[in-house]
Amino acid sequence: MSGRHTEEHIHTVEGTDPHLFVEVHEPAEGTDTGLRPVLLLHGFSSSTKLNWGDTGWISTLKSAGRRVITVDLPGHGQSSSPEDLDSYSPSRIRADLLQIVADAGARPVRAGDPASGLDVIGYSLGSRLAWEFGATQPELVHRLVLGGPNKEDPLASFDLAAAQRYLADGTPIEDESTAGLLKMAQLLPSNDLFALLSLIEAIKGEPFDPAEAVPHMPMLLVAGDKDERAVTMPELASIAARAGGMVEQLLVPGRNHSNAVTSRVFKDAAVAFLGV
Amino acid sequence: MAEISFPLPDLGEGLIEATVLDWLVSPGDQVERNQPLVELETSKSALELPSPQAGKVIRIHGAPGETINVGEPLVVFEVPDNTAGIVGTVPQDDAPKRRVRLSAVLDED
Amino acid sequence: MSESTTAILEAAAATETQSVKLSMQQALNRALDEILSNDPKTVVFGEDCGQLGGVFRITDGLQAKHGGSRVFDTPLAESGILGMSVGLAMAGFHPIPEVQFDGFAYPAINQIVCQIARMNYRSRGTLPMPITLRVPSFGGIRAPEHHGESLEALFAHVPGLKVVSPSDPHDAYHLLKYAASRPDPVIFMEPKSRYWQKGDVGTSDGGTLTGARVVRPGRHLTLVAWGAMVARCLQVAELAAEDGIDVEVLDLRWLKPIDAEALATSVGKTRRAVVVHEAPLTSGLGAEVAQLITQSCFDTLKAPVERVTGFDVPYPSGDLEDEYIPNIDRILLGIQRVLEYRRG
Amino acid sequence: MDSLLPVVAAADAAPLSPGQLRELYSLMAAVRYLDTSAVAWQRQGIIPGYAPELGQEAAQVGSAYALDTARDFAFPTYREMGVARTMGVDMVAYMSTHKATWHGGMYDPVASRLAPIQAVVAGSVLHAVGWAHGQTLSGEDGVALSYFGDGASSQGDVHEAMNFAAVMKAPVVFFIQNNGWAISVPTERQVAGGSVAARAAGYGIPGIQVDGNDVVAVHEATRNAFAHCRAGNGPVVVEAMTYRRGPHSTADDPGRYRSLDDERIDAGTDPLERLRERLLAEGVADEAFLTAAHQAARAEEEAIRAGIEALGPRPGNEMFDFVFQETTPALENQATRWREESEHV
């Protein structure tokens, strides 16, 4: 894996270091566009490697001359799994992200300076975090690309008690969404289930309300046309549009929530949308 | 020219098959090592498979939506079978060129 | 081994044909494969010989087929590779080490000259050294320094070593198998500029594997050569035929022991000889060959034996390679000098 | 002396028995007597030259005593007479190398498990690695014991050997007799990094230093190293700190590079004397045993000297006979020519 490993950075947020695994990937040699860095935020039960590395996103962005910042969410990938619930809350994660991108060199948008600001690409849960990050950091975030987005976080309706019963004694889970998400989490032996359940619990404490804080920067919403988790994408788009932002939507033909992410159509659209 | 078949590799964590989402190359394309070849989906994730080597693609296996088992042929490359080692070039046997002519009277004793 | 090579070999086996068309690369690869299959004491190793299959792919696929304990990579240290070969031979193995390029035999000279060549002697025959040292040799591929050298005279001068160099895929296949089956150390010099040209390899019968081989019969003059120079001499012979001169080409093959009888027979018939080699002139094997011919054919020789060779300069860079390696015109001029010679 | 070896290596080895301690003394006495006699032989014109190992008896006997000639193999240089004697090599056949009878000596290296005598001092270190790797490939449990000195440790082949052995986890004991001198150059101007054993760390293998004048300590260290190798843990470096009490060879004059006072101070206690005092103090042996050991050593030396004196030159045809397993026409011709022109029958 190329990239500079910045785990030695020592800035703490709220007095604690969340030990998130951060990498900065420099543009492919000779391609540097001089544009602002791109922050990638992966989905639930995924990781930088699965969501962005194996799918070709990092190499695509690097080849497009972009500097890329990746971070594994707490309890995911190579990040540690903190024991305290607070480390998993979306608000705390947003604070950590702010510190990480600042350490990686992102600076507030300045008119006429293409190197200033930060573009953010999220997928699924990462899109929710990106939406909120954009809404709360209007001076920093330049543009957003949200993949597989949903106006309500499916994790908020996750039946935590049923999941814990299932894990304890195998009692079947009635709620289909909960059962599906848990199955997805269990498929990867490397996943830390305790950490993932902590994340869900923390998210339930701070459910997604897109209307509460709406990002005003231009955004591109992308989902597979078979993505059942993103059927509310048009509603999200209209929330953003009502708030005055420029919103584009793209449906990837034939793709669903789990396989839209590799799509060339998605990547090409994102690179073009952010390449200004 | 030699053909080198690249079978579907083990994509990790005990997966035995993958479904083709989309091919990013076509037969006849010259690809570089690490260039994305194909989008695949497994039961766990979707991914882009980079080319293990440089060469010309001559066959691809599996239309979008089809499933391929680990170990089955995925793509066949054509590579020159006379590449030099780590240094140097492969010499060509050109038609012999001469300036000198033999002019001798052989005394056959 | 590439898929196409395998296919060719399988097709050949299926139809029981007596010969297959292979490059020298493929022929050597196949010979090593068979040696490993037939002799459980054989081990093949060197820098990048395992996983990569050697920089010239001579050991391609052998590790996968025969396992990492029989075909393996070593650290980058030629003296270590050859010294280890001595110990393996002492333990009853039949090592086939590779020195990646001829110029890197120099760091191993101590082990080759002081140990491999002498252990049988030192131990009064109780510790034979059945080691076949493969050395990609000679120039012709525009390689950097130390990647093209002609060390045959150096090796041939060392008591206890045998030296052989094949000139085509057929001989490469059979001579390698033969060398590996012998109890003495053999320096196996592979003409790297000939690795890629294909030729018929008769798989059932290698013919006589000791001594020299007449690759083109002729009446008027003998061209003596080995390794990559054999192909060039064959081209020269065809051109000479256009001028009415019938040239015999003798591929010496074994540079130690040299087949003095074959020299005597050939030159006894043609009465004229030119010896061609890439190595520098002075104290090159051409001198040895000329002496052997003079010894046996002095009375009937029509002219002194001519030598067309490289010069007494370090092997030059690729751009000057064609100036250094005997070319067609220089060989023709050598022939002309012999033809023009008149006594007294 | 510090050791990085796992304790497990020595756990199942009993301490040396009184009988073994007495045997070590007998061996050292025989070696001492033969060594000093060989210097005299040279003065008397019986042999043209000799490389004494006076003072290194404990290092040589103690280490070779740990070797199992049924499965192990030793790789000497040219100063390992004590090793040969301990391994039970025919000493007339061994000493014949110093008679200039045959380079590698007349003994059978395969049967005796001692490689031919070797003048390129680091050359055989790589052979030990190759032989040891052969044990791994054959699934056998033999260990190679490679002898060399502080001088040889400067050779590149020693580095290549240690690196190869470490990479391949070859069962080799690199046994260094650091006798303080590489002919005229003292260790401090020969060995950088403090010691040869210290280099082992760079290869990730255990390196131990041992008092090379204490035969029991040498033996235990070597025995532990063998156990470490045999257990599949890869190579070990053992550096026995000793002192070359004599000259480099019978042609060498140490007075040109060290004084008698230096020798007295640096050599420490004579290893044979040390063992003698220990045996007496522990009641393992009495004066009668010691006297008998010295008498046996003298008798042995006399028999070996008689054998050496009786040893005529080898027939000249052997020059040709052992070059190859399969001779060549050219060599046959030369042998014929030699017979016709030079053989005095």
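Chain D contains 14 helices and seven strands, where helices (H or I, at least four residues) and strands (E, at least two) are DSSP runs numbered from the N terminus. The model is predicted: local features need pLDDT of at least 70, side-chain atom pairs count only at pLDDT 80 or more, and totals for chains, interfaces and linings use all residues. Residues are numbered from 1 along each chain as its sequence is written, while chains are lettered from A and ligands numbered from 1 in the order in which they are written.

The C-alpha trace of chain D spans about 65 × 50 × 40 Å along its principal axes. Its radius of gyration, taken over C-alpha atoms, is 21 Å, close to the 20 Å that the globule rule gives for 345 residues, so chain D is as compact as a globular protein of that length. The globule rule is 2.2 Å times the number of residues to the power 0.38. Of the 345 residues of chain D, 51% count as buried. A residue is buried if 20 or more other C-beta atoms lie within 10 Å of its own, exposed if 12 or fewer, and partly exposed in between, with C-beta atoms placed from the backbone. Among the contacts in chain D with a separation of 6 or more, 76% come from residues 24 or more positions apart; two residues are in contact if their C-beta atoms, placed from the backbone, lie within 7 Å.

Chain D also holds an open sheet of five strands with parallel pairing, in the order E1-E2-E3-E7-E6. Two strands pair if DSSP finds at least two bridges between them. Strand E1 (73-75) and strand E6 (207-211) of chain D stand at the edges with a single partner strand each, so one side of each is left without a neighbour in the sheet. On average, neighbouring strands of this sheet are turned by 20 degrees against each other, direction ignored. E1(D) pairs with strand E2 (residues 144-149) of chain D in the parallel sense over three bridges, and Ala74(D) stands opposite Leu145(D) in E2(D). Helix H7 (residues 123-138) of chain D lies across E1, E2 and strand E3 (172-178) of chain D and runs at about 170 degrees to E2(D). For such angles, axes are lines fitted to C-alpha atoms, for helices over the stretch in contact, and angles run from 0 to 180 degrees between N-to-C directions.

H7(D) also takes part in the contact with chain C. Here 35 residues of chain D are in contact with 37 residues of chain C. On the side of chain D that touches chain C, H7(D) gives the most, with 11 residues. The residues of this side divide into 19 nonpolar, 12 polar and four charged. In this division Ala, Val, Leu, Ile, Met, Phe, Trp, Tyr, Cys and Pro count as nonpolar, Asp, Glu, Lys and Arg as charged, and the others, Gly among them, as polar.

Within chain C, the axes of helix H10 (residues 260-270) and helix H11 (residues 285-297) come within 9 Å and cross at roughly 60 degrees. The contact of H10(C) with H11(C) has eight nonpolar, two polar and no charged residues.

Chain C also has some backbone features to consider. Most residues other than glycine have a negative phi, and most peptide bonds are trans. A cis peptide bond, with omega about 0 degrees, joins Lys256(C) and Pro257(C). Pro257(C) is placed in the loop between strand E12 (254-256) and H10 of chain C. Arg253(C) has a positive phi near 60 degrees and is found in the loop between strand E11 (247-251) and E12 of chain C. Arg253(C) is buried, with 25 other C-beta atoms within 10 Å. The phi of Arg124(C) is also positive, near 55 degrees, and Arg124(C) counts as buried because 20 C-beta neighbours lie inside 10 Å.

In chain A, Val68(A) and Thr70(A) point one way from strand E4 (residues 68-71), Ile69(A) and Val71(A) point the other way, and all are buried. E4(A) pairs with strand E2 (residues 22-25) of chain A in the antiparallel sense over four bridges, and with strand E3 (residues 38-41) of chain A in the parallel sense over four bridges. Ile69(A) is the bridge partner of Val24(A), and Leu41(A) stands opposite Val71(A).
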